[in-house]
Amino acid sequence: MLAALLDLVLPQPCAGCGGTTAWCAACAAALARVALHPLGATRPDPAPDRFPRAAAAAAYSGPVRGALLAHKELGRLGLVQPLGRALAAAVACLDVPAGVVLVPVPSSAAVVRQRGHDHARRLAAAAARALADAGRAAAMLPLLAPARRVGDQAGLDARGRAANLAGAFRVARCVPPAGCVVVVDDVVTTGASLAEATRALAAAGIRVHGAATVAATVRWHGHGFPRTPVQ
Ligand SMILES: [Zn+2]
């Protein structure tokens, strides 16, 4: 909250390029292009067990990376709308029916307190709004919660991250979603979080249609899903 207020009164460097405008026209245009031309299918290599069919809007670099970090860590909440449009474009790559339900990957209460907001949940809500604005009914439903304390993922390799997150999530609400379920997050790296989210939902009898993220780190490769622009 404090970061959001400071955002209003203090000049901020551009989240994308460090320039003098808070979110410069060139970085805004770059992120808008991502929403029009999402990358599409993504899969870490190696992919963890239960990694779902997934799509990402962009590579995790440049203005996209800067905007995601500024939104998540610095509370630059004004970036959620363009990032949400990019996430919506990734969701659309999965060929979802109307009434898609976006389920964010959960963060621990301590992390949410520290950051002052739940970044994945906020992105999911913005993506649902962007899909609805584009005429595709969509909703955000925070079905997942942490099941236990998880160690820091930083510095762990793919196998370490998967082991660290095994059994880490649970379905927090017994609300059977009415539409097809897509798990969403800001970035896919090793795929451990998306795989664990898929496992937890499946364990509660909820079938996951796929997963979508704003960005994917370099370990991705396309599988030829349709790239449907959302605007
Ligand atoms: Zn910029």
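1. Helix axes are lines fitted to C-alpha atoms over the stretch in contact, and the angles between them run from 0 to 180 degrees between N-to-C directions. Helices (H or I, at least four residues) and strands (E, at least two) are DSSP runs, numbered from the N terminus. With these terms, helix 2 (residues 25-36) and helix 4 pack at an angle of about 25 degrees, their axes being 8 Å apart.

2. This is a predicted model, in which local features need pLDDT of at least 70 and side-chain atom pairs count only at pLDDT 80 or more, while totals for chains, interfaces and linings use all residues. Residues are numbered from 1 along each chain as its sequence is written.

3. The protein has 8 helices and 8 strands. Of its 231 residues, 46% are buried (20 or more other C-beta atoms within 10 Å of the residue's own; exposed means 12 or fewer, partly exposed in between; C-beta atoms are placed from the backbone). Two residues are in contact if their C-beta atoms, placed from the backbone, lie within 7 Å. Among contacts between residues at least 6 apart in sequence, 78% join residues at least 24 apart.

4. Helix 2 and helix 4 are roughly parallel to each other. Angles under 35 degrees count as roughly parallel, over 145 as roughly antiparallel, 65 to 115 as roughly perpendicular and the rest as oblique. The contact is made by Ala-28, Leu-31, Ala-32, Val-34 and Ala-35 of helix 2 and by Pro-82, Arg-85, Ala-86 and Ala-89 of helix 4. By class, the contact of helix 2 with helix 4 has 8 nonpolar, no polar and 1 charged residues. Here Ala, Val, Leu, Ile, Met, Phe, Trp, Tyr, Cys and Pro count as nonpolar, Asp, Glu, Lys and Arg as charged, and the others, Gly among them, as polar. Helix 2 passes helix 4 in a left-handed crossing (the near helix is turned anticlockwise from the far one by less than a right angle; clockwise is right-handed).

5. Helix 4 (residues 80-92) also packs with helix 6 (residues 119-133), at an angle of about 70 degrees and with axes 7 Å apart. The two are therefore roughly perpendicular to each other. Their crossing is right-handed. Helix 4 contributes Val-80, Gln-81, Leu-83, Gly-84, Arg-85, Leu-87, Ala-88 and Val-91 to the contact, and helix 6 contributes Arg-122, Leu-123, Ala-126, Ala-127, Arg-129, Ala-130 and Leu-131. By class, the contact of helix 4 with helix 6 has 10 nonpolar, 2 polar and 3 charged residues.

6. In helix 7 (residues 158-165), the buried residues are Arg-161, Ala-162 and Leu-165. Seen down the axis, they fall within an arc of 100 degrees, so they line one face of helix 7; the arc is that of the directions from the helix axis to the C-beta atoms. These buried residues pack against helix 8 (192-203). After helix 7 comes Gly-167, with a positive phi near 70 degrees.

7. The axes of helix 7 and helix 8 come within 9 Å and cross at roughly 35 degrees. This crossing is right-handed. On helix 8, the contact involves Ala-192, Ser-193, Ala-195 and Glu-196. The residues of the contact of helix 7 with helix 8 divide into 4 nonpolar, 1 polar and 2 charged.

8. Glu-196 lies in helix 8 and counts as buried, with 28 C-beta neighbours inside 10 Å. Leaving aside neighbours within four places in sequence, Glu-196 is in contact with Leu-165, Ala-166, Ala-168 and Phe-169. The C-alpha atoms of Glu-196 and Asp-49 are separated by 8.9 Å, although the two residues are 147 apart along the chain.
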